[in-house]
Amino acid sequence: MTTAPFQATRADFLVSSIPNLPANVLSTMPAHFAGVIPTSDTQNYYFQYFPNPTSQDMILHINSGIACTPRFSSFTHMGPFTVQTNGSLTTNPDSWTNLAHAVFIEAPSGMGKCADCVPTTDNGFDAAAQADSFYEFLNRFESVFDTTSGLNLYVSGGGYDGAVVPYIARKLMQSKTLRNGRALKLKGVALGNPLLDAGVQVVDGSSALLDVEFLKSTAFFGQDSDALNQAQDLAVECKKSSGDTKCGGAVQEFALKWFTDTHTQFGEGNTCVDSFQMDRVYPCNDNSQTLFEDMKARVNKVVGDEETRRALHLDSFMAASSGGAECSSFRPTDATVKGSRLLLNGIVKAGVRVVMYAGSRDFQFHTVGVERVLSQTLWGLSTGFIPSSARNWTGNSDVAGTIFEDRGLTFIRVAGAGHMVGVDKPRASVSILQKMLTGQVQDSLKAVGFANVSSASAHGTVQATVTGTAAASMTRSNFQSAASFYSMHLFIVAVLVACL
């Protein structure tokens, strides 16, 4: 850690204007702050802070995915405004900032796109050390924004954040106070599509078999039993290569190629399905229409503008000419990820609320991967969820998903959502936040105006012809039986992007 003194004031971080955001919109918002806080001689954290004067809760949201940034969250579905395809900004009625203070933090240091981001290799990073760095950031943040002292704290993230957030939670619980003696009141943790155990979700060769079961559950191959059998045979061969992470992606590669070979919506050999949102298809020769590339392009239109970068105090963090180096190989080590789920028991035992969620149409970090890990995880003196822990979650006329609650831990399977739950199902995302903040979740989303937004209307693309959502219950008995339909569902490709 750096020994250099840190001196700054709120005025240093004030965002007084944002290009492309109407002045009348900005004037109705509480003061917004952004900028860079160093945590060591070599590490800097960029943050955006949106106060909510009516709340006693503060969300600390990070993104640890490859080439990802919290700007994805603050500008697309969690923040007070969203960026449109032309780069203009509009207000977001489903912003998390409506319910709490929100701080979107570029963490861990060195990820995403930034001026001091150095692309790494497969060596990964030390999650415990990143938690120490996060604690340093929090100390310095509070020294500037002392009005946040005493607020209830909630740490959230998605994807690879499953490897980091549990360590941050442990660090805050162990520290108990900031260095100035002010208490740290950690109340909750939320993780979307989290990577909790690389041994189960990525490295183990048997994950290829889980990929096949996922494809079965979504009826991906339709009536093509030959394709399903080929995928099964490929998975069996992969299982023989246990520990080969590349083999774990072989079934997905086969499935996506099969889709292109058998669909002609955008021409022969030119119709692809988006693995981040399986209801979204696009021309293979234009990947800008994929969910991730669409979101990235929108955010880049905002931060690519020199005036906007200056207004958001980004110039000191990003390389102005290139938008920052991209850490395309940045990921946690397998050992680190395996350890993160083992921390859940201590977090729950301390009375900290744990909420996890995942979209049913995500082929990258899909629900059954998380469910598989949880079925093997000890918390509250038992392993996995008990059979009676599940209940349906309904929308206006649709099943919004399934909620599993047991012994202080909640998992929510969000029907119809892809990798970015808040993009596809914004009202469901708000309800999930309410669960983290209050411990209560509406059994029916009518109370929070659940909108069944299709991929076509939400993203400007047509829906795929493949449909189907598995509805098996995630109970201990399901998962501990090798014959259970859902006990083997899992898919994660470690070399692909994982953003919330």
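A residue is termed buried when its relative accessible area is under 20%, exposed when over 50%, and partly exposed in between, with a 1.4 Å probe and protein chains only. The structure is a predicted model, in which local features need pLDDT of at least 70 and side-chain atom pairs count only at pLDDT 80 or more, whereas totals for chains, interfaces and linings use all residues. Residues are numbered from 1 along each chain as its sequence is written, and side-chain values use heavy atoms, with hydrogens and water left out.

By these criteria L381 is exposed, its relative accessible area being 87%. L381 lies in the loop between β15 (378–379) and β16 (382–383), where strands (E, at least two residues) and helices (H or I, at least four) are DSSP runs numbered from the N terminus. Although not a glycine, L381 has a positive phi of about 70°. A positive phi, near 55°, is also found for H313, a residue other than glycine, which is placed in the loop between α12 (306–311) and β13 (325–326). H313 counts as partly exposed, with 24% relative accessibility. Most residues other than glycine have a negative phi.

A nonpolar core is taken as a set of buried Ala, Val, Leu, Ile, Met, Phe, Trp, Tyr and Cys residues joined through side-chain atoms within 4.5 Å. The largest such core holds 53 residues, of which F47, F141, M356 and L374 touch the most other members. Helix α4 (residues 127–144) gives the most to this core, contributing 8 residues. Apart from this core lies another, of 41 residues, including L21, I59, V299 and Y357.
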